[in-house]
Amino acid sequence: MSDKRTLIDLNDETSDDEEIASPGAVGYAKKPEEIVHSNLNEDVPQTSSSVMGVNNNSGNYLLNVENDHPPLPVEEENAQINENITNGDATSNGRIIPESEPIFHLRSRTAAASTPNYESLDYEVCENVLFQDEQKKRLTERFSPRKGVIRWIIFIQIGIITALIACTIDIIIEELSELKYTFLKNSVDENVPLSDASGRDLVIPFLYWILLSVVPVVIGAAMVTYIEPITAGSGIPQVKSYLNGVKIPRIVRIKTLAVKAIGVITSVVGGLAGGKEGPMIHAGAVVAAGISQGKSTTFVKDFRIFKAFRDDHEKRDFVLGGGAAGVSAAFGAPIGGMLFSLEEAASFWNQNLIWRTLVASIISVFTLNIVLSAYHGLNDFTFTGLFNLGKFDQPLKFDYFELPIFMLLGVIGGLLGAAWNCLNTKINAFRKRFIPWKFTKIIEAAVVAMFGVTLACLMIYFINDCRPLGNDPTVHPVQLFCEDNEYNAVASLWFQTPEATVRSLFHDPPGSHKITTLTLFTVIYYVLSCVTFGLNVSLGVFIPTALVGAAWGRLLAMLAFYLFPQANFLHPGKYALIGAAANLGGVLRMTISLSVILMETTGVETSFFFPLIIALISAKWVGDYFNEGIYDTQIEVNHVPILPWEPLPQYKGLTAREIMSRPVVCIKLKDKAHYIYKVLKNCDHNGFPVVDNVPDVRRSEGRVCGIILRSQLIVILLKSLYVENKQFWLPETTIQTFRDVYPRYPSIKSVRKLGRKENYTVDLSMFMNPSPVRVNPHDSVPRIFQIFRALGLRHLLVINNENRVAGIITRRDFIYK
């Protein structure tokens, strides 16, 4: 092949089976014509120049080997393979392959070309004999606690602990921000005490500001870069991918939570254009994953509780509840948190999960309300959420002739959001290419922090916007260059956290800002937020997006009032809220959950839901015309094989035969230990059909009787669960034998060479899943996709009319490239 590619395996430090595939294990197809064969024979040497391997732990059965002769057309090659297998005379590059060895066929359409090394999660419950025995035992145990009750207890614990973490982060940020901006205010007052700017010096406050911004940002960026890179960003795309069935390495570890919390604190205190709301969703997911398992793999501590929930299927539901609790704690919006999980995060949903998620959200908000209300000295427990936007003094009203105006604001938000997503994607692509080194990522974060401080100081210095003191809710009003009893309105926008600035734009009385001030602030913060999101720091995008929207929404209301002074309906706070909703809809592309979150956060009446939803829907429709939301864009840029709700248009008209991989590496119902060991050593597939009625030794032509996972086979070999010594291990072997090693399943490297046990027999009848989902080769791909997506499958067997294996379909087969 003339168009070789160099593929680099990711060093993702996954906790599960993560050995690098040996030559001849798994690869990809670049062109439809490149159809090749290989084998799994350890005795046949293969040079690195003949194989381009890429670790594909999703279960694809692919290989790419250079051919010295021209490739056959697809149809002829398929026929040739079938004929060779039938005759027991399969060949590869002119060599005779023993009949008993697995044969690989590379189909013409594959998505493994350039995607990183992501594994799938096993959301399908393995209902083997051991699992069924456990279910029967629970029915006979009289005083055994029911799993349903324990689930409720876990969801309540998730809500409480998530809220406590949110309170801790919020209190630390508030205290440090108070110290920072009080010090800066005093520094400004000392160096510029009079309204006359002549002879006054702003250099010292400027240097202090840079120092107090750069130091925390550098600390946070260094922790994220060198300790836990997965904590960069908000974490919502990673949680969404995890809930879709993709294993994101190290996403739900305790160390990840610790670095995330410290990273958010340092980034917000450093003054970067971001917020703490998005990372709270990731924090809630980590809490849920940890509590639900009853053990910590980081601290090597097993509390021996909640053992029944140690599998991917159960863990997924708890992680979803944790994400909802995180949203609820961030915004003080339990309904909005539950709807956010449903609309944006969840890929699998059921009615029982709605109730549990809602309870976790309510408990989270209630706990946070009590703690923060006590911290702020309130007696009525009315402090709700980290993102506290305050309540409007008067009910927000609207006239029906304003609805087209709200729709127009939604269109503007959609255009600005689509442009923001496009610009941010290009900036991040530039980062990935030209800033690959770790120390440069830290330097970049420091430079962006300095850039933001510099722009803020230039804006404060050159714009004269003085307002009467007492009309602004700013905690630290600065007199800078203003007369007595006046404050600098420009400085009030910058001398506080972004969350406090959003609150000011919502509730400042009319006339609190100049048009020039808001115009420059909108442009600067729009660019600054776009540059910031993608740095190697822990920050969310919700607050800067809402801040930009609130700024231009209030600005448009001021411009309209300047042109039409008699238009009394142009309340700047109302249009700031609509602008924030429109900008959020244009960037995030969410509708129902965002409108409910904004209503619960600001306390507006339900009658104002209609204007909010009009602006959000308009923004989403306009933005979707140009590109996807920022979270989906990040997922796509990182090549995460996430499954959409509907199959891609390219799959219409195709059948299973055209996308499946074949022949498949199969294992007999009663097979030799040395064969299983060799298969696990030489390929990194994660699922193997179990067959019986095998003609001669051609396993790939056997009849399907189940499917066995790689992790199960490794445990079987490690614990020597052979037929020959069955009397020793059978009484003590239960489903818990496999759950005890979850989620960090051992690698095949941890299995010693079998030695005298290589001819021992493994009987898979009690370990395999006896009811794998199967389809026919003639079934349409859209129908297969719906089955695969709805059931959360990892492997889907394709069988012929005689129940013999025809091929296998995995997640990557639905990702068209």
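## Ground rules

Residues are numbered from 1 along each chain as its sequence is written, and side-chain values use heavy atoms, with hydrogens and water left out. As the model is predicted, local features need pLDDT of at least 70 and side-chain atom pairs count only at pLDDT 80 or more, while totals for chains, interfaces and linings use all residues.

Helix and strand labels come from DSSP runs (H or I over at least four residues for helices, E over at least two for strands), numbered from the N terminus.

## The largest cavity

Rolling a probe the size of a water molecule over the atoms shows where empty space is left. Here, that turns up 13 cavities of 30 Å³ or more. A cavity is a set of points, on a 1 Å grid over the protein atoms alone, where a 1.4 Å probe fits but cannot get out; lining residues have an atom within 4 Å of a point. Grid points are joined across faces, edges and corners, and the volume is the space filled by probe spheres set on the points.

The largest cavity holds about 320 Å³. Its lining takes in 19 residues, and Cys126, Arg310, Asp311, Leu709 and Tyr745 sit nearest the centre. By class, the lining splits into nine nonpolar, four polar and six charged residues. For that count, Ala, Val, Leu, Ile, Met, Phe, Trp, Tyr, Cys and Pro are nonpolar, Asp, Glu, Lys and Arg are charged, and the others, Gly among them, are polar.

## The second largest cavity

Next comes a space of about 230 Å³. The second largest cavity has 24 lining residues, and those nearest its centre are Gly271, Leu272, Trp494, Tyr525 and Leu528. Six helices each supply at least two residues of this lining: H3 (147–191), H4 (203–226), H12 (438–462), H13 (489–494), H14 (498–507) and H15 (515–532). H12 gives the most, with five. The lining counts 15 nonpolar, eight polar and one charged residues.

Strand S17 (795–799) is mostly covered, with five of its five residues buried. Buried means under 20% relative accessible area, exposed means over 50%, and partly exposed is in between (1.4 Å probe, protein chains only). His795, Leu797 and Ile799 point one way from S17, Leu796 and Val798 point the other way, and all are buried.

S17 pairs with strand S16 (774–775) in the parallel sense over two bridges; strands pair if DSSP finds at least two bridges between them. Arg774 stands opposite Leu797 in S17. The chain gets from S16 to S17 through helix H26 (781–791), in a right-handed β-α-β crossover, where the path from the first strand over the helix to the second runs clockwise with the strands pointing away from the viewer.

S17 also runs antiparallel to strand S18 (805–810), joined by five bridges. Leu796 has Ile809 as its bridge partner in S18. Five residues lie between the strands of this hairpin, where Asn803 takes a positive phi near 65°.

## A buried loop residue

Phe481 belongs to the loop between strands S9 (466–468) and S10 (486–488). Phe481 is buried, at 17% relative accessible area. Its C-alpha atom is 8.5 Å from that of Tyr461, 20 residues away along the chain.

## Salt bridges

Side chains of opposite charge can pair when their charged atoms come close. The whole structure has 22 salt bridges, each a side-chain nitrogen of Lys or Arg within 4 Å of a carboxyl oxygen of Asp or Glu. Lys240 and Asp632 make one of them, with the closest N and O atoms 2.6 Å apart. That pair links helix H5 (236–244) to helix H20 (630–637), 392 residues apart. Lys240 is buried at 12% relative accessibility, whereas Asp632 is partly exposed at 28%.

Glu499 and Lys276 meet in another salt bridge (2.8 Å, N to O). Glu499 is in H14 and Lys276 in the loop between helices H6 (254–269) and H7 (277–293), so the bridge ties together parts 223 residues apart in sequence. Both residues, Glu499 and Lys276, are buried.

Arg310, named above near the centre of the largest cavity, forms a salt bridge with Asp302 at 2.7 Å between the closest N and O atoms. Arg310 is buried at 1%, while Asp302 is partly exposed at 30%.

Methods. On a 1 Å grid over the protein atoms alone, a cavity is a set of points where a 1.4 Å probe fits but cannot get out, and a pocket is an open set with protein on both sides within 12 Å along at least five of seven lines; lining residues have an atom within 4 Å of a point.
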